[in-house]
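Hi there,

Here is the structure I promised to pass on.

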Amino acid sequence: MNLRQLRTLITIADAGGFARAAGRLHLSQPAASRQIQALEAELGVLLFDRIGRRLQLTAEGEDIVRRGRRLLQEADSLRDRAAALKSGLTGTLRVGGSPQNIETVLAPFASRFRGRHPGIEVHFVEDGGARINARLEHGDVQMVLTTVGNEMFSARLLFPGYVLAVVAPSHPLGRRSSIEVADLADVRLLLLQRSFASRGWFDAACHNADVNPPIVLESGAPATLMALASNGDGVAIVPSNVSIPRDGVKAMPVTYRGRPIGRWMFIAWDSRRFFPPFAQQFVDELMAHTRRDYPNHELSKRMPPLRRPKIRA
């Protein structure tokens, strides 16, 4: 069996079709189709059904994809182990994170990390906080910054992340040190899109408090929401890992029944895969870095502590 054909199969299954997968694989659509036909001929089973214009895995195809993921994970781990044994603290590290975590946590740290370890290349993979764990599970990255646990992942705690309300200093809520979700019932809100993990935390608190605030805008750009808030156009609800302007706005924690809304941020990796020494070095140094500094840490120090989650070490 050709591992390249197996990787093509899994990419097509994840992408939902040949056209999208071909771009990811840097193959033409006919070339990808020929690989699947060759794999079907070798295995003696039909892997896909065509339903109109849709492509759907057969029952046999689903089984092969599931087993194929494990096989490719083992192959990738073997390749990583061989490279690590050969070169020590050299190699390429793929780290996943949300745009905010890349901007405010990973980019500043990685710049210094590269200076200390010139043999290690650090590449970032960006995705929404609600989807980033799938990138790790599929092997697109070796580790992720996340707030969502998974029993298959090993992890280390980094820092607490809070939901913040950002307002203009002249806003009626600007005199407060925190704001209860229930007090936002009639307030014009500027919210992040639902792909952001922090949006899910906030929505859950609103549901529990039985409030349905008016939404002025849903955006994928926290900076846009805060710019509007600074002009008095509403209250921006953002996570504390964003870069908050020094002037023109005031940020405060959002609470539910007096408790802050948030999650701990941690660095996670797939414990089923080989974890090279340079990846462990990255984790150790990132932990040391975030003990001293993390986004809006001075603001976070004034907030009630979040309960530490239990994670797999």
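**What I found**

The side chain of Q73 has a polar atom 3.4 Å from the backbone oxygen of E137. Please keep in mind that this is a predicted model. Q73 itself is found in helix α4, which covers residues 59–87. Its relative accessible area is 9%, below the 20% cut-off, so Q73 counts as buried. Apart from neighbours up to four places away in sequence, Q73 is in contact with E137, D270, R272 and R273.

Q35 lies in helix α3 (residues 29–43), and its side chain makes a polar contact of 2.7 Å with the side chain of T8. Setting aside residues within four places in sequence, Q35 touches R4, Q5, T8 and L27. Is Q35 buried or exposed? Q35 is buried, because its relative accessibility of 14% is under 20%.

Next, helix α5, which runs over residues 99–116. With 18 residues at 1.5 Å a residue, α5 should span 26 Å; the C-alpha atoms at its ends are 24 Å apart, so the two values agree. Where is the kink in α5? The kink, of about 45°, lies at L106, shortly before the proline P108. L106 is also one of the buried residues of α5, which include I102, A110 and F113 as well.

Beyond its neighbours within four places in sequence, F124 is in contact with V95, I102, L106, A107, A110 and R114. F124 counts as partly exposed, because its relative accessibility of 29% falls between 20% and 50%. The C-alpha atoms of F124 and L27 are separated by 23 Å, and the two residues are 97 apart along the chain.

Finally, strand β8 (residues 189–192). L189 and L191 point one way from β8, L190 and L192 point the other way, and all are buried. In a regular strand, side chains alternate between the two faces of the sheet. β8 pairs in the parallel sense with strand β9 (residues 215–219) over four bridges, and L191 stands opposite E218 in β9. Together with helix α7 (residues 197–209), β8 and β9 make a right-handed β-α-β unit. β8 also runs parallel to strand β10 (residues 235–239), joined by three bridges; there, L191 stands opposite I237.

Best wishes

Definitions and conventions. Residues are numbered from 1 along each chain as its sequence is written. This is a predicted model: local features need pLDDT of at least 70, side-chain atom pairs count only at pLDDT 80 or more; totals for chains, interfaces and linings use all residues. Side-chain values use heavy atoms; hydrogens and water are left out. Helices (H or I, at least four residues) and strands (E, at least two) are DSSP runs, numbered from the N terminus. Buried means under 20% relative accessible area, exposed over 50%, partly exposed in between (1.4 Å probe, protein chains only). A polar contact is a pair of N or O atoms within 3.5 Å; within protein, one must be able to donate a hydrogen and the other to accept it, and residues adjacent in sequence count only if both atoms are side-chain atoms. Contact means heavy atoms within 4.5 Å. The expected span of a helix is 1.5 Å times one less than its number of residues. The bend at a residue is the angle between axes fitted to the seven residues ending there and the seven starting there. Two strands pair if DSSP finds at least two bridges between them. A crossover is right-handed if, with the strands pointing away from the viewer, the path from the first strand over the helix to the second runs clockwise.
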